[in-house]
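The following exercises concern a predicted model.

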Amino acid sequence: MKKAINILVSLVMVAGLVSCNNGENKKGSKGQGGLATNAAEKVYVAPGEHDEYYAFFSGGYSGNLTVYGLPSGRMFKEIPVFSQFPTSGYGYSEETKPMFNTSFGFVPWDDSHHPDISQTGGKLDGRWIFINGNNTPRIARIDLETFETVEIIELPNSAGNHSSSFITENTEYVVAGTRFSVPVPQRDMPIKDYKGNFKGALSFISVDQETGRMGIKFQLMMPGFNYDLSHPGRDKSHGWFFFTTYNTEEANTLMEVNSSQNDKDFIAAVNWKVIEDYVNNGGGTKMPANYAHNVYDHDTHLATSTMEKEVLTVDPTKVPGAVFFLPTPKSPHGCDVDPTGEYIIGNGKLSADLTVHSFTKMLDAIENKKFDGEAYGIPILKFEDVLAGTVKQPGLGPLHTEFDGKGNAYTTFFISSEVVKWKLGTWEVLDRQPVFYSVGHGMIPGGNSREPFGKYFVAMNKITKDRYLPTGPELEHSAQLFDISGDKMELLLDFPTHGEPHYAAGIRADILKKNSKQFYKLADNKNPYATLSEADARVERKGNEVHIYMTTIRSHFTPDNIEGVKVGDKVFFHITNHEQDFDVPHGFAMIGANNAELLIMPGQTKTLVWEPKQVGVWPFYCTDFCSALHQEMQGYVRVSPANSNMELSWSLGED
Ligand code: CUA
């Protein structure tokens with residue numbers, strides 16, 4: 001208790017220093033001077049109590065997704081998605097290796113960017129969270145009962161899958177846009193012939209409402225611009241999707257200069273309902289393709305990979321009323337839609353002002369055909385006709401905007417390193433708070449829905465510098481939590497994030513935690529290599545393959561002594577965890593294994609391959625401290641020479 005109080009006091013002091021820097025008067029102050037804030041109280045979650053929100057942060061170059069609690073800023077879990085994860089054996093176990101299958105072969109890493117939670121009726125429903133792999137274009141679905149990656153679909157005709165993965169308001173579609181335009185189909189051609197010849201694919205991936213299973217419904221083949229970010233329309237603009245573009249110049253070299261020539265780029269407004277009708281009535285062109293669709297099954301605890309051979313493409317000029325361009329100043333980055341669906345905000349990276357488009361005005365301009373020319377056959381609307389308003393000189397380098405559901409917007413400014421709160425409709429700046437340092441994304445839990453929770457704002461900062469104890473040249477990126485429940489934002493907390501969060505998604509904890517799975521039922525285990533009783537534990541040889549059907553329960557492996565394995569064999573440990581209790585995994589590690597450990601959840605089966613290279617008697621052990629006799633949870637494999645005629649034998653409890 002004394003320790004807890006000490007921590008509380010230190011937190012109060014740190015928060016107090018920050019508030020002094022800000023020069024703000026805090027409401028509800030409890031102390032004097034350095035203690036003149038209750039920030040520490042606001043982020044303190046007492047031992048044994050739970051946070052109010054889950055926050056899922058993209059891991060950027062870690063390829064994963066991390067789970068935090070808000071307001072405490074505590075990290076609870078790293079969910080492996082696009083990267084092999086030795087901690088659990090994800091991507092190393094035979095069951096999960098197929099998750100990394102792609103048209104390029106086995107790709108065990110990616111750059112994960114934008115998580116988004118499934119919705120029903122424009123509200124977060126907490127069934128799944130989706131995230132994009134940017135480098136080798138893929139979309140993953142994570143089950144929020146198990147917090148495990150259960151599906152990864154590759155995207156053909158794409159490169160730098162950045163304007164992804166955003167969800168329509170009934171999770172009809174997960175949408176993914178290509179950042180780099182590329183030749184479609186891919187072919188050997190001069191790079192200088194880019195302009196007019198490359199294409200930008202925007203993929204609309206349908207989601208089965210029962211199973212969550214994804215499938216590419218269609219790809220919209222857009223002009224060869226760069227598609228940066230996107231968001232769905234909601235409420236009144238449900239049925240539309242908005243994408244920011246840059247490099248409408250279609251430059252291919254010295255991009256920092258050549259792609260910033262045009263005064264305005266575009267936000268592409270896509271009426272996906274019109275295109276859906278078009279393809280449902282036989283529209284579109286089937287094109288040969290080759291992309292992986294990997295699905296993990298919770299009953300078999302097994303992932304399978306299927307190569308898909310065809311994709312439906314749509315030429316936007318063939319679908320009247322489907323796509324329009326909204327001119328937007330200066331290489332817009334974030335493309336954000338407010339909870340009412342009326343306002344579409346283009347965060348022009350190089351613009352002094354923030355541009356807000358009006359959905360109503362856009363429809364009006366379309367209806368009255370007030371076009372200002374076209375680009376590759378796609379009508380361009382007049383900037384003045386669709387402009388709702390401008391936030392005048394709010395800061396430098398706007399990137400992303402979030403919403404609190406109370407008529408306010410919060411924009412992050414990378415260059416001026418601040419978060420600016422402004423009012424939708426009047427465009428007046430209401431508040432600004434500095435961040436430490438150089439904020440990229442921001443997140444309000446529920447901010448991507450009709451009903452944001454509107455209590456906290458998290459700034460995901462790109463630079464950390466002096467915020468934490470130095471850890472060599474590399475520091476974890478810093479996040480900062482603001483209380484936004486009052487008129488002024490109040491900085492509450494700094495906390496480190498893992499990898500590089502390019503976005504986050506937050507949800508009220510009570511929506512998720514009641515559904516969280518505690519263990520897998522052994523009786524439901526349909527893994528073909530499962531061993532459902534100790535009596536069935538066995539070892540079988542098939543040529544040079546040795547299959548060990550092993551079980552675990554506190555605190556032994558069955559069997560624990562195996563003989564008759566030879567150098568040159570390929571040994572499969574198929575391990576089933578017989579525990580039927582919450583939070584009792586067993587681990588498995590084999591000396592000299594060229595992969596990782598396994599961490600096997602109760603009721604689950606996992607398989608590790610070991611190729612013994614040396615004669616001897618080699619131990620294995622449990623890596624997860626499972627009981628007072630965890631250290632006794634071990635066994636041996638005797639490895640004989642390749643030409644030995646030693647028969648297989650195995651045992652438990654025999655001398
Ligand atoms: Cu099982 Cu430690």
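**Exercise 1. Describe how the chain is divided and characterise the interface between the two domains.**

Solution. 
1. The chain of this predicted model is divided into domain 1, residues 53-513, and domain 2, residues 524-651.
2. The C-alpha centres of domain 1 and domain 2 are 43 Å apart.
3. In contact across the interface are 14 residues of domain 1 and 17 residues of domain 2.
4. The size of an interface is often expressed as the accessible area lost when the parts come together. For domain 1 and domain 2, the buried area is about 1,200 Å², with 52% of it on carbon and sulfur atoms.
5. Between domain 1 and domain 2 there are zero salt bridges, whereas eight residue pairs, both at pLDDT 80 or more, are in polar contact.
6. The side of domain 1 that touches domain 2 comprises four nonpolar, six polar and four charged residues.

**Exercise 2. Determine whether Asn525 is buried or exposed, and identify its surroundings.**

Solution. 
1. Asn525 lies in the loop between α7 (509-513) and β35 (538-542).
2. The relative accessible area of Asn525 is 5%; because buried means under 20%, Asn525 is buried.
3. The side chain of Asn525 reaches the backbone oxygen of Gly603 at 3.0 Å.
4. Beyond its neighbours within four places in sequence, Asn525 is in contact with residues including Asp299, His301, Gly603 and Thr605.

**Exercise 3. Carry out a corresponding analysis for Ala479.**

Solution. 
1. Ala479 belongs to strand β32, residues 478-483.
2. With a relative accessibility of 0%, Ala479 counts as buried.
3. Ala479 and Thr497 are 18 residues apart along the chain, yet their C-alpha atoms are separated by 6.5 Å.
4. Apart from neighbours within four places in sequence, the contacts of Ala479 include Phe57, Val458, Tyr468, Phe495 and Thr497.

**Exercise 4. Examine the backbone geometry at Pro185, Ser555, Tyr376 and Ser438.**

Solution. 
1. As a reference, most residues other than glycine have a negative phi, and most peptide bonds are trans.
2. The peptide bond from Val184 to Pro185 is cis, with omega near -5°; Pro185 is in the loop between β11 (173-177) and β12 (199-207).
3. Arg554 and Ser555 are joined by a cis peptide bond with omega about -5°, and Ser555 lies in the loop between β36 (545-553) and β37 (556-558).
4. Tyr376, in the loop between β23 (371-375) and β24 (378-381), has a positive phi near 50°. Its relative accessible area of 41% makes Tyr376 partly exposed.
5. Ser438, in the loop between β29 (429-434) and β30 (439-443), has a positive phi of about 55°. Ser438 is buried, at 12% relative accessible area.

Terms used:
Residues numbered from 1 in each chain as written. Predicted model: local features only at pLDDT ≥ 70, side-chain atom pairs only at ≥ 80, totals over all residues. Heavy atoms only, no water. Domains from an automatic or database assignment. Contact = heavy atoms within 4.5 Å. Buried area = accessible area lost by both parts, 1.4 Å probe. Salt bridge = Lys/Arg side-chain N within 4 Å of Asp/Glu carboxyl O. Polar contact = N/O pair within 3.5 Å; in protein donor to acceptor, adjacent residues only side chain to side chain. Nonpolar A, V, L, I, M, F, W, Y, C, P; charged D, E, K, R; others polar. Helix = DSSP H or I, 4+ residues; strand = E, 2+ residues; numbered from the N terminus. Buried < 20%, exposed > 50% of the residue type's maximum accessible area, 1.4 Å probe, protein only.
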